[in-house]
Amino acid sequence: MSNTIQIAVRTLVEHVYSSGSIDSRFRSQSTMLDGTRIHQEIQHTYQEGDQKEVYLRIDLPYKDLLFTVDGRCDGLLVRDGEITIDEIKSTAQQLESFGEDGLPVHWAQAKMYAFIYAKDHQLQGIYVQLTYVQVESSEKRVLKKCFTIEELETFVNEVLENYYHYAKLLYDHRKERNESSRAVGFPFESYREGQRKLAAGVYKTISEEKSLFVKAPTGIGKTISTLFPAIKAFGEGHLNRIFYLTAKTITRSTAEEAVEKMRSCGLCVKSVTITAKDKVCFKDETKCQKDYCEFADGYYDRINGAILDIVANESTMNRETIEKYARKHTVCPFEFSIDLAYAADAVICDYNYIFDPRVSLKHLFDEQKKSTLLLVDEAHNLVDRGREMFSAPLNKDLFLQLKKEFKGVNKIIYERASKINSWFISLKKNVGELNEFTIEHLDEELVTLLTQFKEEAESLLLQETSAILLDLYFQVNAFLKIVDLLDEHYVIYGERNKNDITLKLFCIDPSKLLHKMGKAFRSKIFFSATLSPLPYYQDILGGQTDDYLLSIPSPFKEEQTDIFIKPLSTRYRDREKTQQKIVSMIHSLVQNRPGNYLIFFPSYKYLLAVYDQFIQDFPELHTLLQGAGMSEEEKEAFLEEFKPNQTETLIGFAVLGGVFSEGVDLKGDRLNGVVVIGVGLPQLCFERNLIKDHFNMKEKNGYDYAYVFPGMNKVLQAGGRLIRSEEDHGTIVLVDDRFLQRHYQELMPQEWRNFRVI
Ligand code: SF4
C-alpha cells in the first residue's frame, strides 16, 4: 500500500524509548563483537524445540498509515506449552547499572516481538524475558514477566502514537519528494557532451539493481550527472535514499551545490552532510562523556525533539544548520548528524560511514539498503582508503609507556601491559637483525593477552579516565576487530624502529571487504576521472563480473591542450644529473608561454632541490612553494595567487598526489600549464613490495598494482587540473622517458596521446 511505513522493531522502540547520555567509553566495537559471542553462547543453551533468531513481521494500521514492523527476536522458548520471547542484552557495565527491572527500551523491544508472535498465533498471553549478561564475567541476570494480549496491544498503540507524528512527517515529505522528483528536469539548459551518456548509464544501473564503474573526464559535471538520475529514481520507486560518498571536503561541497541546484528547480529533498567528529565537536577536547560534555549529557532524552524540529523546518542539513539546531537543543552535533542520516533522502559523507566496519552506520538494516544507492565519488581514492580501514597496527612503545605510568598505580593493568611488552621483546629476539619481516600466523598468545588487557582496561575506564589507557584501549579494540577478518587478503608484518616495534595486520587486497560492506545496497556507482584502467579498479574495489563498465570520452577538443613529453630520467639515481635540465626546461617553457603554472614533483625533497636551484637561477620570476603541512588558510592563500588575466608569470611548485594535485578547480586562465615530473610511482617500500608480491602470486601484474597504476593515477589527476571547461586552453609537459613507453601511454587519456617530444 502506498501509505506504508516500513520500520524495524529496534528502530521503532529506540526512537520512542531511548534515553540517557552518550558515553564513548562503552560504545566500542569489541563490546559489539562480544555481544555476538554472548548471544551465541546463550542461544547454545536453548533446549530442543526452542528457536533462535526468529523473523517476525506484522502490518499495523494506525490512523492514516500502515506500519510494517519487523525484526528478529533472539529466542523463542517453549516450556510446557508456554511461549517465552527471549531478548539477550550484553554489557560491559556492571549488571546493576540496568537497575532492578531492566531498561524500558529493552522491555519495549521484547514486548513488541511478543505482541507480533502472540497476535500471529492468536495467543491470549505470552512471557517476555530479558537475559542480561556481563561480557567480562559472563554473569547473567534473567528478568521475566507475563503479558496478556490486551496489555501488549495497549503498549503497541502507545508506541505507535509516540512515533506517529515523526512517521507522518517523513511520510508526507516522501510523497512530496517523489512527486517533485518525477517533475524535476535536468537543472541546466542542456546536457554537456558525455553528461547524458553518464546519466543514462547511472539510471540503467539503478533500474537493473547492478553496479557501475565509470571513468568520466574532469569537467563534464560528474556530480550532477550521477545525482540527477538517482533523484529521478526516487520518483520511480526504485530508491529511498542516496549516499554520496567522498573523501574530500571540496567534493562534498560540490555535491551539496548540486542538490541545492535541483532544489532551486523544484526538487523537494532532505539532505544531510556528515562532518568528521573532531571537526564539528563543540568542546575543546573530544571527550564524549556526560561528566565532561553537556552535549553528551542527556543526549538521548533530547534527540527526538531536535530531529523533529530540524526535519520539520529544514531541507539542507549541512554543517552550519546542524550546528545551529545542535546548540538550540544541546545535543552533540556529530551524533545528531548520524541520527539525521537515517531520516534523510541524501547523505553526503566520507567513505568510512559505509565501508569501515568500525564506524559504519549500524542502524542501516539490509531492508533499507535494498532501496539505497551508493555514489562513490573520486573512487580511485577508495583503494588505499580501503586498505587503511581494514588494517590495524599495534605499537610496542605504547605498552611500555603504559607500564611505566601504571607502575604502583594499578597492578593488573601494569601486569597486562608488561606481558604484552614482553611478548614484543621476544618477537624482536626471534626476528634478529631484520628491520622488516612478515609473520605467517598471528600468535594466539598475543590475542589472549590483548583480550585480557582490553577487558581490564574497559572496567577501569568505567571508573576513571586516563588518556594513554583510552588510546591504547581503542587501538587494541581496533586490532582485535581486524584479527577476526584475517584471511588470504591479509599480510601480517612487523617493522622495527630502534627499540620500538610495530606489528601491522595489513589488508593487502581490500576487494573482498569492500564488496562485503557494500553488498546489500541496491546499486553502487564508482566514478572518477582517473579510474584507469577500469578492470583494475573493478577488481580491487570488489566489483563483480556482471557489473557495468563505462568510459566517457572527454568533451574537450584536442586543440585545447598542447601535450609535450620531455624524455629525461627522473629515477632516483639520475635526479641530480637531470636537475639542471629540468630547471632550464621550466624556464624556457614559461618564457615561451607565459602564464600561471603548477609544477608537480614526486617527493618533497626532490621538489625543494629543484625549487632552490630555480629561484637561485631565476630570482626575478614569481614562484610559490607548497609548504609541508599547510593549514587550510595557507592552502587557500596559495590558490588565491592563481588569478585570471595575470600579466606576470606565476610558477607554483607542488607535490604530486598532494593537496594541489587533486580536487583543485582553477578555471579559465587561472591555470595555463601543468608540468608533471616523473611517472608518480610510490616510493619503493616494504609495504608496496608486499602488495607487488601478493598480486604476482595471484598471477596479476604485481608491479602495476603496487606502483604503476597508483603512480599514473596521480599523474592523470595532476594533469586534470588544467582543462576544466570548453573555454580553457593550456599546456601539459610530462617529464620522464617512461612516458614514451607503450605501457604508460596506454594509461593516458586519449586526448593526451597526440603529444610532441621536446
Ligand atoms: S560535542 Fe564533542 S565531546 Fe561532546 S559528545 Fe559531541 S563530539 Fe563528544
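The shell around the ligand in this predicted model is made up, by class, of nine nonpolar, one polar and three charged residues. Which of the 13 residues around the ligand come nearest? These are C281, C288, C293, A296 and C332.

Attention can then turn to the strands. Strand β24, spanning residues 730-735, is mostly covered, with five of its six residues buried. Two partner strands are described here. Strand β19 (residues 561-566) runs parallel to β24 and is joined to it by six bridges; within this pairing, I563 is found opposite I732 of β24. Strand β23 (residues 673-677) also runs parallel to β24, in this case through five bridges, and here V675 faces V733 of β24.

Helix α15 (residues 396-406) and helix α18 (residues 467-483) have axes that come within 10 Å and cross at roughly 145°. The crossing of α15 past α18 is left-handed. Where do the two helices meet? On the α15 side the contact involves L398, Q401, L402 and E405, and on the α18 side I468, L469 and L472. By class, the residues of this contact comprise five nonpolar, one polar and one charged.

Notes. Residues numbered from 1 in each chain as written. Predicted model: local features only at pLDDT ≥ 70, side-chain atom pairs only at ≥ 80, totals over all residues. Near = placed C-beta within 6 Å. Nonpolar A, V, L, I, M, F, W, Y, C, P; charged D, E, K, R; others polar. Buried ≥ 20, exposed ≤ 12 C-beta atoms within 10 Å, placed from the backbone. Helix = DSSP H or I, 4+ residues; strand = E, 2+ residues; numbered from the N terminus. Pairing = 2+ DSSP bridges. Axes fitted to C-alpha atoms, helices over the stretch in contact; angles between N-to-C directions. Left-handed = near helix turned anticlockwise from the far one by under 90°. Contact = placed C-beta atoms within 7 Å.
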